[in-house]
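Subject: Structure for your records

Hello,

Here is the structure I said I would pass on.

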Amino acid sequence: MRPLRPLAEAGAVDQLGTRLAGLDTLEIPSLRRTPRFRRIVDAGWPKLVALAIALGAWELVVLSGWKPPWLLPSPATVFGELWREFAAGDLVAAVSVTLRRAAIGYALAVLVGGIIGVLVVRSKTLRAAVGSLITGLQTMPSIAWFPLAILLFQLSETAILFVVVLGAAPSIANGLISGVDHVPPLLLRAGRVLGAQGLAKYRHVILPAALPAAIAGLKQGWAFAWRSLMAGELLVLIPGQTSVGAQLQFSREFSDAPGLIAMMIVILVIGIVVDVVVFSTVERSIRARRGLVDGA
Amino acid sequence: MSAVIADGNRAVTSSPTTAPAIRLEGVTKVFGRGGDAVVALDGLDLTVDVGSFVCLVGASGCGKSTLLNIVAGLDAPTSGLVEIDGDRPTLIFQEAALFPWLTTAENVELALRLRGVPSRQRRETVADLLDLVHLSGFAGKRPHELSGGMRQRVALARALAQEARILLLDEPFGALDAITRDLLHEELERIWRDAGLTILFVTHNVREAVRLGQRVVLLSSRPGRAVAEFPVVIGGERRIESPEVSALAITIGQQLSEQVRRHAST
C-alpha cells in the first residue's frame with residue numbers, strides 16, 4: 001500500500017475539508033450544560049420537600065394520639081436519641097461492625113458471582129446445567145437460608161456472611177450473564193472484522209459492552225446483600241458483639257421505641273447512601289459516556 | 001481533483017501483480033436445509049482487479065450482505081471458490097459500528113492495538129488517520145456526540161488503520177442525508193486514490209454506484225447472481241448530478257426494475 005498522504009503535505013487548499021468542517025459544526029448538537037450548583041439545587045429541593053412532608057405526617061400521627069408516645073415517639077425524640085447514641089459512641093461501634101461485615105460479604109459475593117458468571121458465559125454445558133438455577137436462587141428469600149447457616153456455622157459471623165454471599169452472588173452473576181448475552185451483534189461483527197479473537201474479544205468487545213448490565217447486577221446484588229445482612233444480624237446474635245441489627249433487637253427487647261426507630265433510620269440511610277452515592281453515580285456516568293441518557 | 005476517474009490503468013500502477021484482488025467463481029450460499037432452504041447466492045462469478053473500485057447494485061434479497069460477509073471471511077460459502085489476494089479485507093457496515101465506550105481516537109487505536117502495533121507508533125498513526133478523514137478536532141469525542149456522517153468517517157479511519165488493501169463497504173452511506181453523502185463520496189474517492197485501495201462497494205442506490213464505481217455489477221435477487229456489468233467511462237470530475245451519471249444510472253435502473261418485476265409474477 002502506498003503511504004497515505006497527510007493533508008498538510010497535499011499542498012492544495014483542501015476545499016473538501018473545509019466543507020466537511022462546516023457540515024460537522026452544523027451537525028454537532030450544541031451541548032448546553034447546566035451549571036453544577038444549579039443542577040444540585042434542582043435535584044435537591046424536591047427531595048427536601050418530600051422529607052419534610054414525611055416528617056410532618058409522622059409528627060401529625062404522633063399528635064393525633066393514635067399510639068401512646070412511648071410506643072410511637074415523635075421525630076424530635078428519635079433524632080435526639082440518635083444524637084445521644086452517636087455522642088456516646090454506641091452508634092459508631094455498631095455501624096462499623098455492620099459495615100465491615102457488609103464490605104467483606106459483598107466482596108466475597110462479587111468474587112463468587114463474578115467467577116460463576118464468567119464460567120456460565122464461557123460454557124454452554126454449564127449454562128444448561130445451572131443457568132436457570134441461578135435465577136431461581138435469586139428469588140429465594142435469603143432469610144430462609146439462616147436455619148441451615150446456623151446449623152452449619154453456629155451463631156457466628158461466618159453464618160451471616162454465608163447468607164449474604166448466597167443472597168447477593170446470583171444477582172451479580174446474572175447481571176454479567178445477561179450483559180454478555182445482549183451484546184449487540186453488530187459490535188461482535190465489528191470486533192471480528194478488526195480481528196479480535198479469544199481473550200482480546202472478551203477484553204475489548206464483550207466485557208466493555210456488558211458493563212452497564214454488569215453494574216446493574218452489582219447494584220441489585222448490593223440491595224440483596226444489605227437485606228440479607230440485616231436479617232442475619234437480627235437472627236444471629238453473637239454474644240458480646242454489637243451491630244446495627246443487634247442494637248435493633250435489643251431496643252425491641254427493652255421496649256426502647258426511640259432507639260429502635262433511630263436504628264431503622266440508620267439502616268435506611270446507609271442503604272440509600274451506598275445505592276445513590278456509589279452505584280447510581282457509577283451507572284449514570286457510564287450511561288452518559290455512552291450517550292444512553294439525555295441531558296447528562 | 002480533475003483526473004480521469006475510470007482510467008483502468010490504476011490496477012497496473014498501484015500493484016505489479018496481475019492476479020485480481022478478489023476472485024469469486026460459482027459462489028453459492030444456501031441458508032437452512034430441506035424445504036425451508038433459501039438460496040441467497042447462486043453460482044456467482046465476480047472478479048475485482050487490484051486497485052479498482054467496483055460497485056454492486058441489486059434490490060433487496062440479492063444477497064449483497066451475504067456476499068460481503070463471504071469475501072470478508074466472516075462466513076463461508078456453501079460451494080464455490082473464493083480467492084483473496086493478500087490479507088483479509090476489511091468491512092464497513094451501514095451503521096458505523098463504533099464501540100460506544102471508546103472515544104474517536106480510541107476506536108481507531110483499537111484496530112492498531114489488535115494488530116500489535118506498539119503504543120508510541122499507535123498515537124502517531126491515529127493522529128494521521130483522523131487528519132486524513134478531517135476529524136482531528138474530534139479525537140476525544142465519543143460516538144454518540146458525532147453525527148452519522150462523522151461516525152462513518154471514524155469507521156473509515158478505523159478500517160484504514162487495519163492496513164487492509166481491500167475495503168468492502170456494505171451500503172455505508174445509506175442512512176445519511178444527501179449533502180453529507182455527496183461529501184463522503186468525494187472523501188472516499190480521494191482516499192481510494194491516495195491509498196491505492198481496492199474497493200468493493202455494495203449499494204441499492206444506482207446513482208451512487210455510477211458516481212463512485214469504475215465498474216457497476218448488477219445482481220439479481222433470490223437467488224443472487226451477477227446478471228450484467230457496466231463499465232463507467234466518464235472523464236473529468238464526476239458528480240452525482242452529472243448528466244452522464246444520470247444517463248447510465250437510468251439504463252442500469254431499468255434493468256434493475258426488470259429484475260424486481262420478475263418477482264411479481266412468481
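Two strands are taken to pair if DSSP finds at least two bridges between them. Please keep in mind that this is a predicted model.

On that basis, chain B has an open sheet of six strands, whose order is 5-6-7-3-8-9. The pairing in this sheet of chain B is mixed. From one strand to the next, the twist averages 20 degrees.

Strand 5 of chain B runs parallel to strand 6 (residues 166-170) of chain B, and three bridges link the pair. Within this pairing, Leu91(B) has Leu168(B) of strand 6 of chain B opposite it.

Now the domains. Chain B is split into domain 1 (10-89 + 166-265) and domain 2 (98-163). The centres of domain 1 and domain 2 of chain B, taken over C-alpha atoms, are 26 Å apart. Contacts between the two involve ten residues of domain 1 of chain B and nine residues of domain 2 of chain B. On the domain 1 side of chain B, helix 6 (residues 178-195) of chain B supplies the largest share, with five residues. By type, the residues on that side of domain 1 of chain B are eight nonpolar, one polar and one charged.

Regards

Methods:
Residues numbered from 1 in each chain as written. Chains lettered and ligands numbered in written order. Predicted model: local features only at pLDDT ≥ 70, side-chain atom pairs only at ≥ 80, totals over all residues. Helix = DSSP H or I, 4+ residues; strand = E, 2+ residues; numbered from the N terminus. Axes fitted to C-alpha atoms, helices over the stretch in contact; angles between N-to-C directions. Domains from an automatic or database assignment. Contact = placed C-beta atoms within 7 Å. Nonpolar A, V, L, I, M, F, W, Y, C, P; charged D, E, K, R; others polar.
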